[in-house]
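Q: I have a protein model open and I want to learn to read it. Where do we start?

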Amino acid sequence: MKKVVVLGGGIGGIEAAIFLRKYNFDVEVISDRNYFYIYPISIWIPTKEKKFEDVIIPIKEYPFA
C-alpha cells in the first residue's frame, strides 16, 4: 500500500485525504490543529446560536486518522 502525507487539515487537505483513502492509500494528515473547522456554520457563533465546539470535527474521528 502506498503512503501519502497530506499537509494541512483544512477543507482541501481533508477532502484530499478522504479521496485518497477511497483508493486504498495509507494517508497521514499533518495539521497545525487537531480539528477541522466548518466555516459555513461558524457564522452562528457571534449570534450565540452555535458554540465553537459545534463547528469543529476532531481530525481523529476521520477514517484516515
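A: Start with exposure. Buried means under 20% relative accessible area, exposed means over 50%, and partly exposed is in between (1.4 Å probe, protein chains only). Accessible areas come from the Shrake-Rupley method with a 1.4 Å probe, and for residues only the protein chains shown count as cover. By that rule Asn-34 is exposed, because its relative accessible area is 60%. Two ground rules come next. This is a predicted model: local features need pLDDT of at least 70, side-chain atom pairs count only at pLDDT 80 or more, and totals for chains, interfaces and linings use all residues. Residues are numbered from 1 along each chain as its sequence is written, and side-chain values use heavy atoms, with hydrogens and water left out.

Q: Where does Asn-34 sit?

A: First, the elements. Helices (H or I, at least four residues) and strands (E, at least two) are DSSP runs, numbered from the N terminus. Asn-34 belongs to the loop between strand 2 (26-30) and strand 3 (35-37).

Q: Which residues does Asn-34 touch, not counting residues up to four places away in sequence?

A: Contact means heavy atoms within 4.5 Å. With residues up to four places away in sequence not counted, Asn-34 touches Pro-58 and Ile-59. Check the pair Asn-34 and Pro-58: they are 24 residues apart in sequence, and their C-alpha atoms are 6.0 Å apart in space.

Q: How do I check the length of helix 1?

A: Compare an expected span with the model. The expected span of a helix is 1.5 Å times one less than its number of residues. Helix 1 (residues 11-22) has 12 residues, so it should span 16 Å; its end C-alpha atoms are 17 Å apart, which agrees.

Q: Which residues of helix 1 are buried?

A: Gly-13, Ile-14, Ala-17 and Leu-20 are buried in helix 1. Look down the helix axis: the buried residues fall within an arc of 130 degrees, so they line one face of helix 1. The arc is that of the directions from the helix axis to the C-beta atoms.

Q: What do the buried residues of helix 1 pack against?

A: They pack against strand 1, strand 2 and strand 3. The face of helix 1 turned away from its buried side carries the exposed residues Ile-11, Glu-15 and Lys-22.

Q: Is Val-29 buried or exposed?

A: Val-29 is buried, because its relative accessible area is 18%. Val-29 is placed in strand 2. Val-29 and Ile-14 are 15 residues apart in sequence, with 7.8 Å between their C-alpha atoms.

Q: What follows helix 1?

A: Asn-24 follows helix 1, and its phi is positive, near 65 degrees. Asn-24 is a residue other than glycine. Asn-24 lies in the loop between helix 1 and strand 2. At a relative accessible area of 54%, Asn-24 is exposed.

Q: What is the phi of Lys-48?

A: Lys-48 also has a positive phi, near 65 degrees, in a residue other than glycine. Find Lys-48 in the loop between strand 3 and strand 4 (56-58). Lys-48 is exposed, with a relative accessible area of 76%.

Q: How many salt bridges does a search of the whole structure find?

A: A salt bridge is a side-chain nitrogen of Lys or Arg within 4 Å of a carboxyl oxygen of Asp or Glu. The search of the whole structure finds one. The side chains of Glu-28 and Lys-3 form a salt bridge, at 3.4 Å from N to O. Glu-28 is in strand 2 and Lys-3 is in strand 1, so the pair ties together parts that are 25 residues apart in sequence. Glu-28 counts as partly exposed, because its relative accessibility is 34%.

Q: Which residues form a nonpolar patch on the surface?

A: Patches are made of residues with over 30% relative accessible area and no salt bridge: like charges are joined within 9 Å, nonpolar side chains (Val, Leu, Ile, Met, Phe, Trp, Tyr) within 5 Å. Here Val-5, Leu-7 and Ile-30 form a nonpolar patch, with about 300 Å² of accessible area together. Take Leu-7: its place is in strand 1 (residues 3-7). Leu-7 is exposed, with a relative accessible area of 70%.

Q: Is Ser-42 buried or exposed?

A: Ser-42 is buried, because its relative accessible area is 13%. Ser-42 is in the loop between strand 3 and strand 4. Not counting residues up to four places away in sequence, Ser-42 touches Tyr-37 and Val-55.
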